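Please look over the sequence and the structure below before reading on. The paragraphs that follow go through them step by step.

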Amino acid sequence: MRHSPRKAAMPPSTEAQSALYRGLLSGRRVLVVSDNAAHAEQIRPLLPGSPGCLVPVTSRNRMPGLVAAEGAAPTVVDVLPAVEAGKLPAGRIGPHRVAAKPRATDEIITRCAGLPPAPAVVAVRAAGHRDFSPGALAGEPSAARTTLDLFAGDDQATDVRAVFSCSYRTLDSAASGLFQLLGPHPGPDITPPALVSLDDLGHDQAEAVRTRLRR
């Protein structure tokens, strides 16, 4: 079987491929976007060796190794503030519809807990139904408080359940077990003593698990 010159020239090892990649980028100004990286070792072979390049990396993990060894600048993305979250429905169903029902819009944002995909997904449902008001939308998250069905969709990138599942599958058994126990908790917040009592965990162990869940 004959191989094309491009395939025949590809080095077999990751180290050699990375060296070839850096050589091709040498002297160029390139933006390399790495989305949803699992760990630092996925990123290191993709870091250009010359100045003038930028590598934004998004991840569910904080990757302190990239900060310590590669000089990465960490940016922690938190939930959206209420003002910023409120712009998502306005951008999809129109500011006039949002302005007509400000309390309903505020209720939608509160129920969505500041998670960026959630208010956008809810608003998209209204965008396709001219008679579907923010007031009707505001009642749905309240009625569906124990389910994510309201935020379901065909696109796995914006389906809130799918987004959560990606993170959940990376948890160890202690963290996933505690996460399941948090479901029946009636409020949006929980104190450290209550967290300890949920799973008969010692204080230090509960704090370690809580830290993993927050990350």
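**A walk through the predicted model**

At 40% relative accessibility, E70 counts as partly exposed. This residue belongs to a predicted model, and its side chain forms a salt bridge with R44, where the closest N and O atoms are 2.9 Å apart. The pair links distant parts of the chain, since E70 sits in helix α4 and R44 in the loop between α3 (40-43) and β2, 26 residues apart. R44 has another partner in E41, and in that salt bridge the closest N and O atoms are 2.5 Å apart. E41 is exposed, because its relative accessible area of 52% lies over the 50% cut-off. Together, E41, R44 and E70 are linked in a network of salt bridges.

The structure holds four salt bridges. Side chains of opposite charge can pair when their charged atoms come close. One of the four salt bridges joins R210 and E207, with 2.5 Å from N to O.

Of its 215 residues, 24% count as buried. The accessible surface amounts to about 14,700 Å², and carbon and sulfur atoms account for 57% of that area. Among contacts between residues at least 6 apart in sequence, 48% join residues at least 24 apart.

How confident is the predictor, and where is the mean pLDDT of an element lowest and highest? Across the protein the pLDDT averages 79, and 80% of the residues score at least 70. Among the elements, α1 has the lowest mean, 51, while β2 has the highest, 93. Over residues 1-5 the pLDDT is below 50, and beyond near neighbours in sequence this stretch has zero contacts in the model.

N36, in strand β1 (residues 34-37), has a phi near 60°, which is a positive value in a residue other than glycine. M63 also has a positive phi without being glycine, near 50°, and it lies in the loop between β2 (57-59) and α4 (64-70). Are these two residues buried or exposed? N36 is partly exposed, with a relative accessible area of 42%. M63 is buried, because its relative accessible area of 9% falls under the 20% cut-off.

A73 is found in the loop between α4 and α5 (82-93), where it is exposed, with a relative accessible area of 71%. The C-alpha atom of A73 is separated by 9.5 Å from that of P56, a residue 17 positions away along the chain.

Note on methods. Residues are numbered from 1 along each chain as its sequence is written. Side-chain values use heavy atoms; hydrogens and water are left out. Buried means under 20% relative accessible area, exposed over 50%, partly exposed in between (1.4 Å probe, protein chains only). Contact means heavy atoms within 4.5 Å. Accessible areas come from the Shrake-Rupley method with a 1.4 Å probe; for residues, only the protein chains shown count as cover. Helices (H or I, at least four residues) and strands (E, at least two) are DSSP runs, numbered from the N terminus. pLDDT is the predictor's confidence in each residue, from 0 to 100.
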